[in-house]
Amino acid sequence: HAAEFFKVDPHKALMLGDSINDVQAARAAGFQIICVSYGYNHGEDIRKANPDAVIDSLTQLDSVISYQ
């Protein structure tokens with residue numbers, strides 16, 4: 001709904017999350033997903049959920065986002 005509201009192609013949208021639920025929601029919406037390595041994920045390593053990227057700090061966002 002967010003992509004439709006903002007008139008953005010879901011494949012060009014990005015979600016930032018911290019849990020497997022966030023990865024699943026982003027995939028269902030057709031969004032790319034970057035996760036932080038900390039946060040609410042029941043103690044599991046978020047990398048197991050296969051997000052597009054994992055960062056340890058929001059200051060790293062710029063290094064993993066491609067502005068095209």
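User: What should I know before reading the model?
Analyst: This is a predicted model, where local features need pLDDT of at least 70, side-chain atom pairs count only at pLDDT 80 or more, and totals for chains, interfaces and linings use all residues. Residues are numbered from 1 along each chain as its sequence is written, and side-chain values use heavy atoms, with hydrogens and water left out.

User: Is S19 buried or exposed?
Analyst: S19 sits in the loop between β1 (14-17) and α2 (20-29). Helices (H or I, at least four residues) and strands (E, at least two) are DSSP runs, numbered from the N terminus. Buried means under 20% relative accessible area, exposed over 50%, partly exposed in between (1.4 Å probe, protein chains only). S19 has 6% relative accessibility, so S19 counts as buried.

User: Which residues does S19 contact, leaving aside neighbours within four places in sequence?
Analyst: Contact means heavy atoms within 4.5 Å. I46 has S19 on its own list of contacts, along with V23 and C35, among others. With those sequence neighbours set aside, the partners of S19 are Y40, N41 and I46.

User: Why do the buried residues of α2 line one face of the helix, and what do they pack against?
Analyst: D22, V23 and A26 are buried in α2. Seen down the axis, the buried residues of α2 fall within an arc of 100 degrees, so they line one face (the arc is that of the directions from the helix axis to the C-beta atoms). An α-helix has 3.6 residues a turn, so residues three or four places apart point the same way. The buried residues of α2 pack against β1 and β2.

User: Is H42 buried or exposed?
Analyst: H42 is found in the loop between β2 and β3 (53-55). H42 is not a glycine, yet has a positive phi of about 55 degrees. Its relative accessible area is 60%, so H42 is exposed.

User: Is N50 buried or exposed?
Analyst: N50 also has a positive phi, about 60 degrees, although it is not a glycine. N50 lies in the loop between β2 and β3. At 55% relative accessibility, N50 counts as exposed.
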